[in-house]
Amino acid sequence: MMIHYKVPLLLILPLLFSCASDREMANKNRIENVKARIISEWDLNLDGTISCDDLGLKKVDQFTKADSDGNNILDASEFKNAPWGSKTFAVEMLYSFDENRDGKVTQQEFSAKPNTVFAALDKNQNCTVSEDEIEASLTERRGSKSGGRGGRRGGKGGKGGGHLS
């Protein structure tokens with residue numbers, strides 16, 4: 001025999017709203033954490049935004065760290081071992097930067113490559129990414145993931161994500 005309990009709807013509603021509120025707070029905290037991490041890693045002049053100047057300095061720093069032999073040229077093995085690189089796609093990455101197709105990437109070639117992630121974040125295309133633009137992009141991405149058809153990029157058959165390199 002099954003026992004049925006009758007609980008007034010008014011008692012259950014606050015619990016439902018509380019769960020939704022907790023999810024929203026967790027999502028907001030996640031966005032704030034990601035936003036803070038992006039700013040702290042890429043805002044090199046500590047002005048609260050990521051500018052094209054910051055991006056240029058970051059690229060010089062990345063190139064210098066990857067140039068293990070100090071010859072001011074990156075080859076496939078240096079791409080493979082770069083902290084931002086991909087062991088699997090090192091050669092493909094090299095050729096995406098190698099404008100003259102000589103199998104090597106100079107500092108100039110590396111710095112000249114547009115950054116697609118920066119461009120996507122810079123909604124108003126003023127060469128500055130603000131905290132508001134980062135938050136809007138993260139919120140937009142989060143919204144597309146919960147819509148059923150969206151999802152993380154880079155999954156099976158998806159478009160690859162990107163690094164700010």
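Helices here are DSSP runs of H or I with at least four residues, strands are E runs of at least two, and both are numbered from the N terminus.

A quick word on the model, everyone. It is predicted, so local features need pLDDT of at least 70 and side-chain atom pairs count only at pLDDT 80 or more, while totals for chains, interfaces and linings use all residues. Residues are numbered from 1 along each chain as its sequence is written, and side-chain values use heavy atoms, with hydrogens and water left out.

Back to our pair: Lys35 and Glu32 form a salt bridge at 3.2 Å, N to O. That term means a side-chain nitrogen of Lys or Arg within 4 Å of a carboxyl oxygen of Asp or Glu. By this rule there are five salt bridges.

Lys35 is buried at 7% relative accessibility, and Glu32 is partly exposed at 32%. Buried is under 20% relative accessible area, exposed over 50%, and partly exposed in between, with a 1.4 Å probe and protein chains only.

Lys35 also bridges to Glu131, with the closest N and O atoms 3.9 Å apart. Lys35 is in helix 1 and Glu131 in helix 7, so this pair ties together parts 96 residues apart in sequence. Shared partners join Glu32, Lys35, Glu131 and Glu135 into one salt-bridge network.

One last stop, friends: Ser137 in helix 7 (residues 131-145), which is buried at 14%.
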